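I opened my notebook for a friendly walk through this model. Here is what I looked up, entry by entry.

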Amino acid sequence: MKPKLEDVAKLANVSKTTVSRVLNNRGYLSQKTIDKVNKAMKALDYQPNSAARQLFQQETKIIGLLFPTVANPFFGEIIQELERKLYKQGYKVIIGNSMNDSEKEEHYLNQLLSNQVDGLIVGTHNRGIQQYKKNNLPIVAIDRFMNEDIPIIESDNFRGGQIATSRLIEKGARKIVHTTGPTELETPAHRRTQAYIETMKKSDLEPIIYHLDFNISYEEKSKIFRRIFNEQPALDGIFASNDVDAIMLMQIAQLLDKRIPEDIKIIGYDGTELIRNLYPNLTTIVQPITKITDKALEVLNQRLKLQETNNEYVLDVSLWEGTSS
C-alpha cells in the first residue's frame with residue numbers, strides 16, 4: 001500500500017503540517033526536524049503528491065516588512081510607501097522593527113515565516129541569520145546585502161558619494177570629514193565612502209572618516225560630533241551619511257558660532273520628503289524612494305511567480321540644492 005503523508009508524520013513523530021512545511025520549504029523549522037521528516041520519507045519510500053505540495057502553497061495575501069527602525073525618516077518613508085502600495089494590491093502587511101538587534105530580527109523572521117507570509121521585504125542589517133540562507137524564499141532586500149540568492153534594490157551610492165564630495169570641493173571646502181556607519185555592516189552604502197575617498201584623493205585632499213555605531217544614543221552621538229570639531233579645527237566641510245546626522249552637525253556647528261555655509265559646508269544623504277519639507281536649506285543627496293519601492297514590489301512579484309530576477313538593481317540619485325553647501 002502506498003504510504004501517505006499521515007504515515008510520514010506518524011513515523012517522524014511530527015504533525016502533517018510540519019511534513020508539508022518540509023516539502024514546501026516554508027516556515028521556520030529546526031534542522032533536526034527537517035532531518036527526521038526526510039529520514040521518515042526515505043524509510044517509507046514516500047513520494048509526495050501534488051496535493052501534499054499544494055497544502056501550504058495557498059496565498060495568505062500577507063507580506064512581511066522587516067526593517068531596522070521606523071524612526072529613521074528613510075526607512076519610515078520606505079515602509080509607508082510599501083504598505084500603501086501593497087494594500088492597493090490586496091495584501092495585508094506585518095511590520096517588524098528589529099532596532100538593529102540580531103536576536104530581535106531572528107525572532108521576527110521566525111514569526112513571519114511561521115505565519116506563512118507570501119513574501120518578505122527586508123532592510124535589516126544582520127546578514128548571518130540562517131533563515132536567510134534558505135533557497136527560493138520570496139525575499140527582496142532594500143539597501144542590504146543578504147545572500148547571493150536574494151535580489152537587492154538600492155540607489156547609486158557610489159555616484160551619490162561622488163556628487164556630495166565634489167559639491168563640497170567645488171564650493172571651496174578642503175578639510176572635509178565624512179561620517180558613516182560601522183565598517184562591518186554589509187551594505188551598498190559603503191560605496192558612498194569609497195567614492196568620497198577616491199574623489200578626495202583626486203583633488204589631493206586627505207580623507208578623514210568617522211565611523212559611528214547605529215545603536216548609540218543621541219547624547220553619545222552628539223559627543224562624537226562635538227569631538228570632530230575639536231579634533232579638526234580647520235574643518236570646513238562635512239559629508240554626513242544621512243540627513244539626521246547632517247542636521248545634528250549643523251546645529252552643533254551653529255552652537256560653536258560657525259556660519260553655514262561661510263565657515264563650514266554640510267551635505268547630507270537620503271533626501272526624504274519629510275527632511276526636504278522641514279529643512280529645505282539642507283543640501284542632500286536624494287534617494288528615489290518611490291522608484292525603490294516600485295522596483296522592490298515588481299521584483300517581489302517576480303519572485304512570488306518563481307521568475308528569474310537580477311541580483312542587483314541600482315537606481316539614480318539626485319542633488320537637492322539647499323544653502324548648507
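Entry one, a charge and a ring. I found the charged end of Arg192 over the ring of Tyr269, 3.7 Å from its centre. I count a charge as over a ring if NZ of Lys or CZ of Arg is within 6 Å of the ring centre and within 35 degrees of the ring normal. The charged end of Lys61 also sits over a ring, that of Tyr91, 4.0 Å from the centre.

A note on what I am reading. This is a predicted model, where local features need pLDDT of at least 70 and side-chain atom pairs count only at pLDDT 80 or more, while totals for chains, interfaces and linings use all residues. Residues are numbered from 1 along each chain as its sequence is written, and side-chain values use heavy atoms, with hydrogens and water left out.

Entry two, aromatic rings. How many aromatic pairs does the structure hold? I noted three (ring centres of Phe, Tyr or the six-membered ring of Trp within 6.5 Å; planes under 30 degrees apart are stacked, over 60 edge-to-face, the rest tilted). Phe67 and Phe75 have ring centres 5.8 Å apart and planes at 50°, so I logged a tilted pair. Both Phe67 and Phe75 are buried (under 20% relative accessible area; exposed is over 50%, partly exposed in between, with a 1.4 Å probe and protein chains only). Phe67, Phe74 and Phe75 form one aromatic cluster.

The rings of Phe239 and Tyr269 are tilted too, because their centres lie 6.3 Å apart with planes at 40°. This pair links distant parts of the chain, with Phe239 in strand E8 and Tyr269 in strand E9, 30 residues apart. I read a relative accessible area of 0% for Phe239, so it is buried. Tyr269 is buried as well, with a relative accessible area of 0%.

I traced an open sheet of six strands in the order E7-E6-E8-E9-E10-E12, with mixed pairing. Its edge strands are E7 (208-211) and E12 (318-320), each pairing on one side only. Strands are DSSP runs of E of at least two residues, helices runs of H or I of at least four, numbered from the N terminus, and two strands pair if DSSP finds at least two bridges between them. E10 (residues 283-286) pairs with E12 in the antiparallel sense over three bridges. Ile285 stands opposite Leu319 in E12.

Is H2 (residues 16-24) enclosed or open? Seven of its nine residues are buried, so H2 is largely enclosed by the rest of the structure.
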